[in-house]
Amino acid sequence: MTAMPVLYLSHGAPPLIDHATWPAELAAWSAELPRPRAILIVSAHWESAPITLGATSTVPLVYDFTGFAPHYYEQRYPAPGAPELAARVRDLLGGAVADAPERGLDHGAYVPLSQMFPAADIPVLQLSIPTLDPRDLMKLGRSLAPLRAEGVLIVGSGFFTHNLRAITADDHTVHSFTAEFDDWGRRAIDDRDIDALLDFEHTAPAPRLAHPRTEHFAPLFLALGAGADDLDSLRTVIDGYWFGMARRSVQIG
């Protein structure tokens, strides 16, 4: 079996499903991918150490947001659980891997997946982010890389920039520090400059304005590790902005 690609995507808040173009871009992206046997997703919205696995059966979604219209709390994504994948992840990681059997998919997982795989017929397992250290996350991704040859799509879900105090009125108004960070990221991705990406706190312009906390950038490093054997294929698939935040999303393989 050909190794599955690895993705890092900017996932958007629940209103992404009503965006004029973004859902179609995600759908077009998934249409070009091989059909996964299962999906392993890491979301910026679940930080937990030790590494923790979400529900391996279908349980209610986690509506981890407030202040949105009622219909966003009615969205469903009843993807099958992935107990076999959970067992394989435990084998690959060894050591202590915790379980959270009642924790459903959060919006960093189900919002993009609902646009990419709307039938909800592919087993999905969510893995927590155990650390924000870029190199430790890349090492974790390398440990998970064998799953690619087993038909598993590994997805890191975050946001390429994420400063909620810098949200703008529309998709066309962007703060200069966001545009500069995004342009730096574009060039690093085009050049496959993994060292610059890993050391973004020193190599990127205004990193702490683009990311006051780094949890939304962190899934990129796990994706880089999982795709370490194919980094010459690293490329941007989606770019642009959403209310002033860069939604750059990339594929490896």
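**A buried helix and its surroundings**

In helix 3, the residues His 107, Gly 108, Ala 109, Tyr 110, Val 111, Pro 112, Leu 113, Ser 114, Gln 115 and Met 116 are buried, where buried means under 20% relative accessible area, exposed over 50% and partly exposed in between, with a 1.4 Å probe and protein chains only. Helices (H or I, at least four residues) and strands (E, at least two) are DSSP runs, numbered from the N terminus. The model is predicted: local features need pLDDT of at least 70, side-chain atom pairs count only at pLDDT 80 or more, and totals for chains, interfaces and linings use all residues. Residues are numbered from 1 along each chain as its sequence is written, and side-chain values use heavy atoms, with hydrogens and water left out.

Because 10 of the 10 residues of helix 3 (residues 107-116) are buried, this helix is largely enclosed by the rest of the structure. The elements that cover its buried residues include strand 1 (6-10), helix 1 (22-31), strand 2 (38-47), strand 5 (124-129) and strand 6 (152-158); contact here means heavy atoms within 4.5 Å.

Val 6 has Ile 252 of strand 10 as its bridge partner. Strand 7 (residues 235-238) is likewise antiparallel to strand 10 and joined to it by three bridges, and Arg 235 stands opposite Gln 251. Both faces of strand 10 are covered: Ser 249 and Gln 251 are buried on one side, and Val 250 and Ile 252 are buried on the other.

Most residues other than glycine have a negative phi, and most peptide bonds are trans. Ala 49 and Pro 50, however, are joined by a cis peptide bond with omega of about 5°, and Pro 50 is found in the loop between strand 2 and strand 3 (52-53). In the loop between helix 3 and strand 5, Ala 120 has a positive phi near 55°. Ala 120 is buried, with a relative accessible area of 9%. Phe 243, which is not a glycine, has a positive phi of about 50° and is placed in the loop between strand 8 (241-242) and strand 9 (245-246). Phe 243 is partly exposed, with a relative accessible area of 33%.

How values were computed. Pairing = 2+ DSSP bridges.
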